[in-house]
Amino acid sequence: MTAEQEFRHRFTAESVGRALELVGERWTLLILREAFFGVRRYGQFARNLGIPRPTLSTRLKRLVEAGLLEKVPYDEDRHEYRLTDAGKGLFPAVVALMNWGDTYLPTPDGPPIVLHHNDCHQPVAPYLACRHCSGEITTTSVTPHPGPGYAG
């Protein structure tokens with residue numbers, strides 16, 4: 001059996017597709033980006049993103065329903081949106097997209113946002129690494145194997 005045959009199921013029951021169903025739309029990722037950088041209130045999202053308010057309402061509702069944001073009261077009649085652990089778990093993906101965009105779709109003046117690491121105070125140079133050996137993860141350093149959810 002070839003690797004292609006062995007992993008044919010990945011096109012119908014795989015994690016990337018399921019994740020993209022939830023967060024694979026431009027406004028959704030931009031809302032999450034804003035939340036990562038401290039935005040919590042509806043008006044702040046609307047102002048920072050220039051997003052149509054009906055679109056913002058729909059996306060925020062979906063992110064709350066999916067458990068990526070929680071709606072928390074901060075005043076008698078007002079609430080804000082806070083990242084849950086699941087929402088915070090998407091931070092590395094957004095940083096990777098920022099890094100990719102800065103590298104392969106640069107603006108003439110350079111990156112609009114530069115992240116600095118709080119521990120060493122240097123600009124972040126993200127890379128994906130193995131938690132076990134700290135080796136960098138690349139397209140050539142990994143091999144797919146059936147997981148517990150494999151339905152071959």
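Rings of Phe, Tyr and Trp, the last by its six-membered ring, pair if their centres lie within 6.5 Å. I note at the outset that this is a predicted model.

**Entry 1: aromatic pairs**

I looked for such pairs and found three of them in the structure. One joins phenylalanine 45 and tyrosine 81, with 6.5 Å centre to centre and 70 degrees between the planes, and is edge-to-face. I then looked up where the two residues sit. Phenylalanine 45 belongs to helix H4 (residues 42–49) and tyrosine 81 to strand S2 (residues 79–83), so this pair ties together parts that are 36 residues apart in sequence. Are the two residues buried or exposed? Phenylalanine 45 and tyrosine 81 are both buried.

I turned to tryptophan 100 and tyrosine 104. Tryptophan 100 counts as partly exposed because its relative accessibility is 46%. Tyrosine 104 has 56% and therefore counts as exposed.

**Entry 2: charges over rings**

I checked arginine side chains against aromatic rings. Arginine 26 has its charged end over the ring of tryptophan 27, 5.0 Å from the ring centre. The charged end of arginine 41 sits over the ring of tyrosine 74, 3.6 Å from its centre.

**Entry 3: positive phi**

I looked up backbone angles next. Histidine 121 is not a glycine, yet its phi is positive, near 65 degrees. Histidine 121 is in the segment after H7, and its relative accessibility of 59% makes it count as exposed. Serine 134, also not a glycine, has a positive phi of about 70 degrees. I placed serine 134 in the segment after H7.

**Entry 4: pockets**

I looked up the largest pocket and noted about 590 Å³ of space. Which residues lie nearest its centre? They are Ala96, Pro126, Tyr127, Leu128 and Ala129, out of 19 lining residues. I sorted this lining by class and got 14 nonpolar, four polar and one charged residues.

The second largest pocket has a volume of about 460 Å³. Its lining consists of 17 residues, with Leu30, Arg33, Leu97, Met98 and Gly101 nearest the centre. Helix H3 (26–36) and H7 each give at least two residues to this lining. The largest share, six residues, is from H7. By class I recorded eleven nonpolar, three polar and three charged residues for the second largest pocket.

Definitions and conventions. Residues numbered from 1 in each chain as written. Predicted model: local features only at pLDDT ≥ 70, side-chain atom pairs only at ≥ 80, totals over all residues. Heavy atoms only, no water. Phe/Tyr/Trp six-rings, centres within 6.5 Å; stacked < 30°, edge-to-face > 60°. Helix = DSSP H or I, 4+ residues; strand = E, 2+ residues; numbered from the N terminus. Buried < 20%, exposed > 50% of the residue type's maximum accessible area, 1.4 Å probe, protein only. Lys NZ or Arg CZ within 6 Å of the ring centre and 35° of its normal. 1 Å grid on protein atoms, 1.4 Å probe; cavity = no way out; pocket = protein on both sides within 12 Å on 5 of 7 lines; lining within 4 Å. Points joined across faces, edges and corners; volume = space filled by probe spheres on them. Nonpolar A, V, L, I, M, F, W, Y, C, P; charged D, E, K, R; others polar.
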